[in-house]
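Take a pencil, look at the sequence and the structure, and try each task before you read its solution.

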Amino acid sequence: TKLHADRGDPQIRRYVVQCYVEGLCWVLMYYYQGVQDWGWFYPFHYAPCASDLVGLSEFAGGQFELGEAFLPFQQLMAVFPPASGHALPPSYRTLMVHPSSPIIDFYPTDFRNDLNGKKFSWQAIALLPFIDAKRLRSALAPLGETLTEEEATRNTHGDELLFVSLATPLGQLCNSTCKAPGQPPAKLIAT
């Protein structure tokens, strides 16, 4: 099957459903309470069959550990294909393409696209490998020393910025709330 498991194996089917329910919990908690777990991911390319979504009350929901967010370059390395490597420092980009890279398997040049009943290639499910966060962090750790000052600054967590146009009601509200006439904008701190 598409989940690489015997369709008749009830334990595998229940595990897929459990992971799916955890994913639903993660998303709901993310939108209502913020990030619950930086490292959680759904470990399949496909959702379970609707007919398997029964007996959901036996699942307690997600049990999450917050963990640590990726740094910006780590995040880009986890989601970019090698063709987008130009947005990364050269030492990072090399790990995406060099045959002896310890994480070259994260960036296959040949992979299947499953149209899964769809008509257009952009609708396909790209059957790419899942990123092993521990291996990615380990491979990138020594590269921090190779960054320029500007790159090192880009590779840090910073403040969130909200860009609004003064031509919108939100922009006018932000302007009147955050700035005294003739003064530079004030920094808003979310509480």
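**Exercise 1.** How far is the sulfur of C19 from the closest cysteine sulfur, and in which residue does that sulfur lie?

*Solution.* Before we start, note that this is a predicted model, in which local features need pLDDT of at least 70 and side-chain atom pairs count only at pLDDT 80 or more, while totals for chains, interfaces and linings use all residues. Residues are numbered from 1 along each chain as its sequence is written, and side-chain values use heavy atoms, with hydrogens and water left out.

- Step 1: recall the cut-off. A disulfide is a pair of cysteine sulfur atoms within 2.5 Å.
- Step 2: find the partner. The closest cysteine sulfur to that of C19 belongs to C25, 12 Å away, which is too far for a bond.
- Step 3: look at the whole structure. The number of disulfides is zero.
- Step 4: check the surroundings. C19 has a relative accessible area of 4% and is buried; buried means under 20% relative accessible area, exposed over 50%, and partly exposed in between, with a 1.4 Å probe and protein chains only. C174, at 19%, is buried too.

**Exercise 2.** Describe helix α1: what is its span, and what sits at its ends?

*Solution.* 

- Step 1: locate the helix. α1 covers residues 10–33, 24 residues in total. Helices (H or I, at least four residues) and strands (E, at least two) are DSSP runs, numbered from the N terminus.
- Step 2: compare spans. From first C-alpha to last, α1 reaches 33 Å, close to the 34 Å expected at 1.5 Å a residue. The expected span is 1.5 Å times one less than the number of residues.
- Step 3: look at the N-terminal end. D9 caps α1 there, with a side-chain oxygen 3.0 Å from the backbone nitrogen of Q11.
- Step 4: G34 follows α1 and has a positive phi, near 100°.
- Step 5: look for buried residues. Among them in α1 are V16, V17, C19 and W26.

**Exercise 3.** Why do the buried residues of α2 line one face of the helix?

*Solution.* 

- Step 1: list them. The buried residues of α2 are F73, Q74, M77 and A78.
- Step 2: look down the axis. The buried residues of α2 fall within an arc of 140°, so they line one face. The arc is that of the directions from the helix axis to the C-beta atoms.
- Step 3: recall the geometry. An α-helix has 3.6 residues a turn, so residues three or four places apart point the same way.
- Step 4: find the packing partners. The buried residues of α2 pack against α3, α4 and α5 (149–154). Contact means heavy atoms within 4.5 Å.

**Exercise 4.** Which residues does S91 contact, leaving aside its neighbours within four places in sequence?

*Solution.* 

- Step 1: S91 belongs to helix α3 (residues 90–97).
- Step 2: read off the contacts. They are L143 and T146.
- Step 3: examine the side chains. Those of S91 and T146 are joined by a polar contact of 2.9 Å. A polar contact is a pair of N or O atoms within 3.5 Å; within protein, one must be able to donate a hydrogen and the other to accept it, and residues adjacent in sequence count only if both atoms are side-chain atoms.
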